[in-house]
Amino acid sequence: MIDVRDTLIRGSEKIIVHYRLLRASAKTEKERELYRNRIERERRLLDHLKGLVDTGRGMNSRTGTSLHGLRARRHCSQHVP
């Protein structure tokens with residue numbers, strides 16, 4: 001299960017880098033704000049995933065969210081225009 005977490009962490013890190021590149025090339029302040037918000041959201045997910053790796057838990061006992069739930073929520077939020 002650690003391999004799945006590591007993969008999710010690497011994926012989140014890559015997404016953050018991609019959003020930073022998009023933010024740097026954004027033409028309007030609205031676009032920059034959009035990418036800034038996405039970076040912040042992805043950073044929170046990444047911090048949460050790293051917390052799960054550090055504690056070795058498969059589920060966050062405080063919020064009751066699984067890794068699958070976190071990834072699904074992130075995936076759905078990416079499709080917001």
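How exposed is Lys50, as judged by its relative accessibility? In this predicted model, Lys50 has a relative accessibility of 32%, and therefore counts as partly exposed.

**View 1. A salt bridge between Lys50 and Glu13 joins two helices.** The side chains of Lys50 and Glu13 meet in a salt bridge, with a distance of 3.6 Å from N to O. A search of the whole structure finds 4 salt bridges, and the contact between Lys50 and Glu13 is one of the salt bridges in the model.

**View 2. Glu33 and Arg36 pair within helix α2.** The side chains of Glu33 and Arg36 form a salt bridge in which N and O lie 2.6 Å apart. Both residues lie in helix α2, and their separation of 3 residues corresponds to about one turn of the helix. Glu33 has a relative accessibility of 34% and counts as partly exposed, while Arg36, at 28%, is also placed in the partly exposed class. Salt bridges that share partners join Glu29, Arg32, Glu33 and Arg36 into one network.

**View 3. Glu29 forms a salt bridge with Arg36.** The closest N and O atoms of Glu29 and Arg36 are 3.5 Å apart.

**View 4. Tyr19 and Tyr35 form a tilted aromatic pair.** A search of the whole structure finds 1 aromatic pair. The ring centres of Tyr19 and Tyr35 are 6.1 Å apart and the ring planes meet at 35°, so the pair is described as tilted; planes under 30 degrees apart would count as stacked, and those over 60 as edge-to-face. The pair links distant parts of the chain, with Tyr19 in helix α1 and Tyr35 in helix α2, 16 residues apart. Tyr19 is buried, with a relative accessible area of 6%, and Tyr35 is buried as well, with a relative accessible area of 12%.

Key:
Residues numbered from 1 in each chain as written. Predicted model: local features only at pLDDT ≥ 70, side-chain atom pairs only at ≥ 80, totals over all residues. Heavy atoms only, no water. Helix = DSSP H or I, 4+ residues; strand = E, 2+ residues; numbered from the N terminus. Buried < 20%, exposed > 50% of the residue type's maximum accessible area, 1.4 Å probe, protein only. Phe/Tyr/Trp six-rings, centres within 6.5 Å; stacked < 30°, edge-to-face > 60°.
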